[in-house]
Amino acid sequence: MHRAVLLALLALAVAAFVVGAVDDDFAYTPPELASTLVISLVVSGVVTYLCAAIVRVPPNADSWAITGLILFLLMPGVTDTASAVSVVIAAAAAAISKYVLVWRRRLIINPAVAGAVVSYAVAYAGASLGGVPLSSPFWWIAAEPLFWPMVIIGAVLVTVLREWWLVGVFLVATLATVGVLEATQGGQDLQFVFVSAPTLFLAAIMLPEPLTAPTTRIHRAVYAIIVAVLMNWQQTFEITDSYTLEFVPQIALAVGCLYAFAVRLLAQRGAGRVRLDTTVEPIAANTYRIRAQASSPLAFRPGQWAMLSAPRWSAPLWHRTRRVFSYASAPGENPGEFAFTVASTSMSSFKSELVTAGGGRLHLDATGGDFVLPRRLGTHPMVLLASGIGITPYRAMLRSLTAGEARDLSWLTVIHVVSVTERSVYDDDLAVIRAASARVEVSPAVELTSGITDPGRLTDLVGPALSSRDAHYLLSGNPQFVDRTAATIRRADPSTRWKFWRVHTDAFLGY
């Protein structure tokens, strides 16, 4: 995710320089933009590494660059000393917030938001330099010449990140808020909301930030609604005779981050960043298991994902130091377990270092996801379909189902599609549920790993559950397998087209 956001921000920066060069009416010239960009990136990087050295924790490779680029796109361009100092204040505050505004080494507020709020507060307090007032965030990315670059780049990014649910809720809440204001007060301008206000930038770039946004669907919807309503409601609250509170975009985002923090405290019992001591070993061809020892069992629901990081002082900017993995162990097990597979010809630097070293120190940065079993089990057939290492979240589910006293699992069907028999994993766990009367099929068919497209083949694999017309389906694996197989299920069982909740897919890209 972070690499995709970094590339999107770089593309927006390039678009801004092009517009600045060809449009004489644009707010800033290329030299002014270049000054802002250099100051924002340099200050963000230097202060981040300085703070990291003080607390003796290496920063993630790309976080400082993402923060610097966001601030470049929302702080006023450097036209004088006062505007340059304003950018310095915003970038420095953002970097420091990563090490100050934290709870158990986990972020409370998006660093770019923290920097924007601090610069806004400094400007609001009337600070000046040589008689020139310091600047607050201007959000100049919300300019008419940059509208279409923002739409195109934002749409591509949201599609890559699979964040249309969050963005869609935010945009609908924005339209609803503006609609209510139009009906009660009048004078609303949709063109201003979407072209001259940072609505699209917030939706695509800032809302989905994984470390400061909620990680489950319902709370993400509430988070998006909070931000959309606050930044568009146009309400001002008088604090004193001299100061008022206005929910400008950065304040609205900060409130949203605080909501996400409160949810995390309650849902994960206050869990912060967790240190994991790991060992890595092969369990099948090109497939590895991570066993992660923590100070106490990790809190999660079977089927959820974990964001693991391995920050290094020497990590180049383009190397990812965070990856997402599914939990493969049941809650309460310590060490916990994750698994991953690698291509036969290449391996990411993150995984390569884990495999070469046989493990090492990792950090658990976040836990989340809605790919979990229903709370009421056994009332209808349940079909779990997985491709390759997509069996991982099911293993966590199966271990939780078979823990404790024996139970009847005749309502459960598990289909595991692998390219070759040597890629099959967790056979012992599958044998346990087969003994509990579950239907289990392991199909070594390379053509199926990219999706089950033949309804007849789907019927053969799933068996009686497909004809029951009330089965629920969970699909996990690479995106192509998930999308194609889900489409085949809807053709084979037309009732799932309107009872859409009966087909639940694993949307994260950690495979």
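This is a predicted model: local features need pLDDT of at least 70, side-chain atom pairs count only at pLDDT 80 or more; totals for chains, interfaces and linings use all residues.
Trainee: How do you know that the length of helix α2 agrees with its 26 residues?

Mentor: Helix α2 covers residues 30-55. At 1.5 Å a residue, α2 should span 38 Å. Its end C-alpha atoms are 37 Å apart, which agrees.

Trainee: Which residues of α2 are buried?

Mentor: Among them are Leu 33, Thr 36, Leu 37, Ser 40, Val 43 and Val 47.

Trainee: What covers the buried residues of α2?

Mentor: The cover includes α1 (2-22), α3 (63-74) and α4 (81-100).

Trainee: What follows α2?

Mentor: Arg 56 does, and its phi is positive, near 60 degrees.

Trainee: What is the angle between helix α7 and helix α9?

Mentor: Helix α7 (residues 164-184) and helix α9 (residues 199-206) pack at about 160 degrees. Their axes are 10 Å apart.

Trainee: Why is α7 called roughly antiparallel to α9?

Mentor: Angles over 145 degrees count as roughly antiparallel. The angle here is about 160 degrees, so α7 is roughly antiparallel to α9.

Trainee: Which residues make the contact?

Mentor: Val 167, Phe 170, Leu 171 and Thr 174 of α7 meet Thr 199, Leu 200, Leu 202 and Ala 203 of α9. By class, the contact has 6 nonpolar, 2 polar and no charged residues.

Trainee: Why does Met 397 count as buried?

Mentor: Buried means under 20% relative accessible area. Met 397 has 0% relative accessibility, so Met 397 counts as buried.

Trainee: Where does Met 397 lie, and what is in contact with Met 397?

Mentor: Met 397 lies in helix α13 (residues 392-401). Leaving aside neighbours within four places in sequence, its contacts include Pro 302, Phe 371 and Leu 474.

Methods:
Residues are numbered from 1 along each chain as its sequence is written. Side-chain values use heavy atoms; hydrogens and water are left out. Helices (H or I, at least four residues) and strands (E, at least two) are DSSP runs, numbered from the N terminus. The expected span of a helix is 1.5 Å times one less than its number of residues. Buried means under 20% relative accessible area, exposed over 50%, partly exposed in between (1.4 Å probe, protein chains only). Contact means heavy atoms within 4.5 Å. Axes are lines fitted to C-alpha atoms, for helices over the stretch in contact, and angles run from 0 to 180 degrees between N-to-C directions. Angles under 35 degrees count as roughly parallel, over 145 as roughly antiparallel, 65 to 115 as roughly perpendicular and the rest as oblique. Ala, Val, Leu, Ile, Met, Phe, Trp, Tyr, Cys and Pro count as nonpolar, Asp, Glu, Lys and Arg as charged, and the others, Gly among them, as polar.
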